[in-house]
Amino acid sequence: MMKEFKAPSLVLQYLLAGCCLLTSGYLLATLNLPFNPTSALKERQSVRSTTACTEIVKPKATLSRSQLARLLTVPERSSRRNVQQIVKEPYCRLPNVSIRAGAKTEREIHPLAFDPQTSLVVLYEGETYVGYGFKRP
Amino acid sequence: MWDMVLNVLKDERAIAFSIVLLTAFGCTPASMTESPRDIQLSQKWELQPGDVVAGRQVLGGLGDISLALNGDAIYAPFDGRVQPYKPNCVIFSSEEMPVYLFRLCGLNQQHFGFRRAGQALGTGDELRLALLTKQPDGRWAIVEPSKKIIEKMLQPS
């Protein structure tokens, strides 16, 4: 009895599964939705490669509201040491880049303690603090 | 048994409906309109690209590097944003490189909005590129771009 009952239900299950697959395929095709996992993966990898840290300095480092407030009072083009005394060690460093002729720009990342989705990017050129920006994912 | 089939069909209809809703409201690409970028230059040169002198448009000025693109593309050096700036010029900015801006004039086909590193910013025959750096007073000064960054922008990554 059990076998007789199981066999048709299995067939029906396969039929339904097939129908589901066909319907989703039809929907993907007619609605012109992208179905290309490899390209999505490539895109994600390329994003990571452009924004990835080259060196993790202090995995638990975050920046508090008061540290940020103190940093904003430091004028741009002042000494790197002044800024580093306030922000302490960064979470990580982005790759160094040469944008301006004759200068190497170093970038350090400080995630905000009160908004972990946002990081403060601090730029240095040699011993000079050049400026800051906010980076969102 | 038919109940099950009907339920599955109902589910399918719900899925199809959600997909249609998502496509209509959730997955539409962001608006391609970009607000123009306004910049205060610290250098007080009389003529800037986009200005008009005796009825002729100024195409490039002091601090611009002219590049023979010959119809090819120039690429984003970082993830960033392209905004219109004066006639025939755009500004490229990046959160990863907050104190620098690129002013690009002479692009024929411009792509406004968010661009990923390595994506084309536009194509042109003769590109005039200027690098601007932020001054402590909030204005922008034209500085000399490095050969490395220009090389990076001329090659897709």
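Asn70(B) is exposed, with a relative accessible area of 63% (exposed means over 50%, buried under 20% and partly exposed in between, for a 1.4 Å probe and protein chains only). This residue is found in the loop between β3 (65-68) and β4 (73-75) of chain B, and has a positive phi of about 50° although it is not a glycine. Lys88(A) lies in the loop between α4 (80-87) and β2 of chain A, and counts as exposed because its relative accessibility is 54%.

The structure is a predicted model, in which local features need pLDDT of at least 70 and side-chain atom pairs count only at pLDDT 80 or more, while totals for chains, interfaces and linings use all residues; side-chain values rest on heavy atoms, with hydrogens and water left out. Residues are numbered from 1 along each chain as its sequence is written, and chains are lettered from A and ligands numbered from 1 in the order in which they are written.

**Confidence**

For the complex, the predictor gives an ipTM of 0.70 and a pTM of 0.70. Chain A has a mean pLDDT (the predictor's confidence in each residue, from 0 to 100) of 80, and 69% of its residues reach 70 or more. Over residues 38-50 of chain A, pLDDT stays under 50, and the model has 6 contacts for this stretch beyond four places in sequence (a contact means heavy atoms within 4.5 Å). Chain B averages a pLDDT of 85, with 80% of the residues scoring at least 70. Its residues 19-31 have a pLDDT below 50, and this stretch has 8 contacts in the model beyond near neighbours in sequence.

**The sheet of chain A**

In chain A, 5 strands form an open sheet in the order β1-β2-β3-β4-β5, with antiparallel pairing. Strands β1 and β5 of chain A stand at the edges with a single partner strand each, so one side of each is left without a neighbour in the sheet. Helices (H or I, at least four residues) and strands (E, at least two) are DSSP runs numbered from the N terminus, and two strands pair if DSSP finds at least two bridges between them.

| Strand pair | Bridges | Direction |
|---|---|---|
| β1(A), residues 55-56, and β2(A), residues 92-97 | 2 bridges | antiparallel |
| β2(A) and β3(A), residues 105-112 | 4 bridges | antiparallel |
| β4(A) and β5(A) | 7 bridges | antiparallel |

Individual residues show how these strands meet. Glu55(A) stands opposite Arg93(A) in β2(A), and Arg93(A) in turn stands opposite Glu108(A) in β3(A). The bridge partner of Leu120(A) is Phe134(A) in β5(A).

**The fold of chain B**

Chain B contains 2 helices and 10 strands. Along the sequence, its pattern reads α-β-β-β-β-β-β-β-β-β-β-α. Of its 157 residues, 42% count as buried. Among the contacts in chain B with a separation of 6 or more, 63% are between residues 24 or more positions apart.

Arg115(B) lies in strand β8 (residues 113-115) of chain B. This arginine counts as buried because its relative accessibility is 16%. Beyond its neighbours within four places in sequence, Arg115(B) is in contact with Ala76(B), Phe78(B), Asp79(B), Gly80(B), Val82(B), Ala120(B) and Leu121(B).

**Pocket and cavity**

About 770 Å³ of space lies in the largest pocket. On a 1 Å grid over the protein atoms alone, a pocket is an open set of points with protein on both sides within 12 Å along at least five of seven lines, a cavity is a set where a 1.4 Å probe fits but cannot get out, and lining residues have an atom within 4 Å of a point. Grid points are joined across faces, edges and corners, and a volume is the space filled by probe spheres set on them.

The lining of the largest pocket has 35 residues, of which Phe134(A), Lys135(A), Arg136(A), Glu95(B) and Glu96(B) lie nearest its centre. Elements giving two or more residues to this lining are α2 (37-51), β2, β3, β4 (115-125) and β5 (128-135) of chain A, together with β5 (80-85) of chain B. The largest share, 4 residues, comes from β5(A). By type, the pocket lining divides into 17 nonpolar, 8 polar and 10 charged residues (Ala, Val, Leu, Ile, Met, Phe, Trp, Tyr, Cys and Pro count as nonpolar, Asp, Glu, Lys and Arg as charged, and the others, Gly among them, as polar).

The count comes to 1 cavity of 30 Å³ or more. The largest cavity has a volume of about 30 Å³, and residues of chain B line it, including Pro49(B), Gln57(B), Leu59(B) and Cys105(B). Its lining divides into 6 nonpolar and 3 polar residues, with no charged residue.
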